[in-house]
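Here is a short briefing to read alongside the model.

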Amino acid sequence: MAQDTSVTWLTQEAFDRLSAELEALSTTGRVEIASKIESAREEGDLKENSGYHAAKDEQGKQEARIRQLKDLLKRAEVGHAPESQGVVETGTVITAVIAGDETVFLIGDREIAGDSELDVYSPQSPLGEAILGMKIGESGSYTAPNGKQISVSISNVETWAGQ
């Protein structure tokens, strides 16, 4: 499992789900939004046409999501979750005591978890950077965005079993 921060680890299921979303947005999604824009244009004055502006905003969000998905899928490393060796790495589920509270979360990209209720922290987040490579029983700390030092202790590392 590569720990290169420019690579995003995805399960095959997540890769397929995101590829299908990209295909839908790039094809029928673009046709539908173009139709909405055209319909709104026909209503007249574009300066005060809320339907037109809403459709253009929706188009911008859709195009941003398409760019995000293309980039994510281009950088994706598809495979099985790494088999837990008791070491924090991308694609593992971590149980940690953070600032005195026990928390369970996944290290990776939010897209891995799909509809799961599991919290996900990026390996590039302050917490992710602080704990990558830590073993069960190890402790450390990281600096939160507000400047506060937060303690973290790794209680368990498990293999991501999917949704």
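**Helix α2 and its surroundings**

The buried residues of α2 make their packing contacts with β1, α1, β2 (76-78) and α3. Here buried means under 20% relative accessible area, exposed over 50% and partly exposed in between, with a 1.4 Å probe and protein chains only; contact means heavy atoms within 4.5 Å. Helices (H or I, at least four residues) and strands (E, at least two) are DSSP runs, numbered from the N terminus.

This is a predicted model, in which local features need pLDDT of at least 70 and side-chain atom pairs count only at pLDDT 80 or more, while totals for chains, interfaces and linings use all residues. Residues are numbered from 1 along each chain as its sequence is written, and side-chain values use heavy atoms, with hydrogens and water left out.

- The residues of α2 that are buried are Y52, A55, Q62, R65, I66, L69, L72 and L73.
- With 26 residues, α2 reaches 38 Å from its first C-alpha to its last, close to the 38 Å expected at 1.5 Å a residue (1.5 Å times one less than the number of residues).

**Nonpolar cores**

- A nonpolar core is a set of buried Ala, Val, Leu, Ile, Met, Phe, Trp, Tyr and Cys residues joined through side-chain atoms within 4.5 Å.
- The largest such core has 17 residues, and L10, L18, L106, I112 and W160 have the most contacts inside it.
- Two or more residues of this core come from each of β1 (8-10), α1 (12-41), α2 (50-75) and α3 (110-113).
- Domain 1 (8-78) and domain 2 (87-159) each supply at least three residues to this core, with the bounds coming from an automatic or database domain assignment.
- Not counting residues up to four places away in sequence, I112 touches W9, L10, A14, R17, L106 and W160.
- Another core, of 15 residues, lies apart from it and includes I94, A96, Y142 and I150.

**Aromatic pair**

- Rings of Phe, Tyr and Trp (its six-membered ring) pair if their centres lie within 6.5 Å; planes under 30 degrees apart count as stacked, over 60 as edge-to-face and the rest as tilted.
- By this rule there is one aromatic pair.
- F105 and Y121 form an edge-to-face pair, 5.0 Å centre to centre with 85° between the planes.
- F105 lies in strand β4 (residues 101-107) and Y121 in strand β5 (residues 119-121), so the pair ties together parts that are 16 residues apart in sequence.
- F105 is buried, at 0% relative accessibility, whereas Y121 is partly exposed, at 30%.

**A loop residue**

- A99 lies in the loop between β3 (92-98) and β4, and A99 is exposed, with a relative accessible area of 52%.
- Phi of A99 is near 50°, a positive value in a residue other than glycine.
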